[in-house]
Amino acid sequence: MTTVQLQNGVVLPSLGFGTFQIWDQGAAASAVAAALGVGYRLIDTAAGYFNEEGVGRGLKASGVPRDQVVLTSKLWPTEASYEGAKVALRRSLTKLGVDYLDVYLLHQALGDYYGAWRAMQEAQAAGLVRAIGVSNFGAERLVDLATFSGAVPAIDQIQRHPFKQQRLTVAAAAHLGVAIEAWQPLAHAAPALFNHPVVTAIAAAHRATVGQVVLAWQLQQGVIVIPKSTHLARMQENFAAQALTLTAAELEAMAGLDRAPQDPGPQNTPDLIARLTKIDPAGPHSG
Ligand SMILES: NC(=O)c1ccc[n+]([C@@H]2O[C@H](COP(=O)([O-])OP(=O)(O)OC[C@H]3O[C@@H](n4cnc5c(N)ncnc54)[C@H](OP(=O)(O)O)[C@@H]3O)[C@@H](O)[C@H]2O)c1
């Protein structure tokens, strides 16, 4: 299994399993148990996915020992404060049915995330979390937090796929020694990507699938990927991407697919903030 070592020494599988939009607890439990059966050893969830109970049940049902699985959850921005983070982390641990998380991320660069970050550092020192990081932080926010908070995030989980390569954020992360984890690594199977002639030609050359090519392209750059699927065959297909090696010319051709090379990174627009702050991870999922 390919791995990435975080700057505090924690080692992560570089191909994990995402659980966003698996709202039903039973479905989340089944998907996580199936993914662990396939061989995945990194599971990504969040308080804002409303499925931590199901994820925890799937983990137990799989029979895979807790210490062999890297479990990630995230702090929702409405709870981003020193006290809020402590309460939210306890709730996530309880819902997941575990006594520690491997990775805990600030879900967004919103709210009093400096206060939350202090609580997360304390949680790490107390052994409740093995590594702490951020998600959806662009270069500017990432450099700010890393420089002024006293702790460099271990990870920045950002939206990243061939059409959206986030070069500025990736470069800032590399400079700081922050691992990049790609959410929506398959671009949510967008037809424009899955039918793109550059990608389909590379897939044909390797007798691989487009999904495998897209994941292998990220893995070869040292990026952690967390594709989601509720179908066993796709879980297996995506997991097998680790065995695929693209040539330098193929990697370059994929790099050429970026639709916004000067993308400044995640932007907290008024619309996005309004949408995110309507979600309350302490309550039921409102659909
Ligand atoms: N930090 C954040 O703000 C944030 C935001 C979004 C997501 N995430 C994390 O990142 C994970 C992945 O992102 P995502 O779920 O949005 O998108 P994704 O993994 O890029 O794509 C998932 C979609 O692609 C389909 N799919 C999966 N494998 C496929 C394959 N080999 N061929 C064709 N279609 C395939 C899935 O369908 P089926 O399920 O029907 O197979 C699903 O509709 C999430 O699950 C979550 O853990 C984080």
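The model is predicted: local features need pLDDT of at least 70 and side-chain atom pairs pLDDT 80 or more, while totals for chains, interfaces and linings use all residues. Residues are numbered from 1 along each chain as its sequence is written, and side-chain values use heavy atoms, without hydrogens and water.

**Ligand site**

The ligand is surrounded by 27 residues (a heavy atom within 4 Å). The closest are Asp44, Ser135, Asn136, Ser229 and Arg234. By class, this shell holds 10 nonpolar, 12 polar and 5 charged residues, with Gly counted among the polar ones. Helix α10 (residues 232–239) provides the largest share of the shell, 3 residues; helices are DSSP runs (H or I) of at least four residues, numbered from the N terminus.

| Residue | Distance from backbone N or O atom to ligand oxygen |
|---|---|
| Leucine 186 | 2.9 Å |
| Alanine 187 | 3.5 Å |
| Histidine 188 | 3.1 Å |

Of the 900 Å² of accessible area that the ligand has on its own (Shrake-Rupley method, 1.4 Å probe), the protein covers 91%.

**Glutamine 242**

Glutamine 242 lies in the loop between α10 and α11 (248–255). Its side chain reaches the backbone nitrogen of threonine 2 at 3.1 Å. A polar atom of the glutamine 242 side chain also lies 3.0 Å from the backbone oxygen of phenylalanine 239. Leaving aside neighbours within four places in sequence, glutamine 242 is in contact (heavy atoms within 4.5 Å) with Met1, Thr2, Leu15 and Leu219.

Key. Polar contact = N/O pair within 3.5 Å; in protein donor to acceptor, adjacent residues only side chain to side chain. Helix = DSSP H or I, 4+ residues; strand = E, 2+ residues; numbered from the N terminus.
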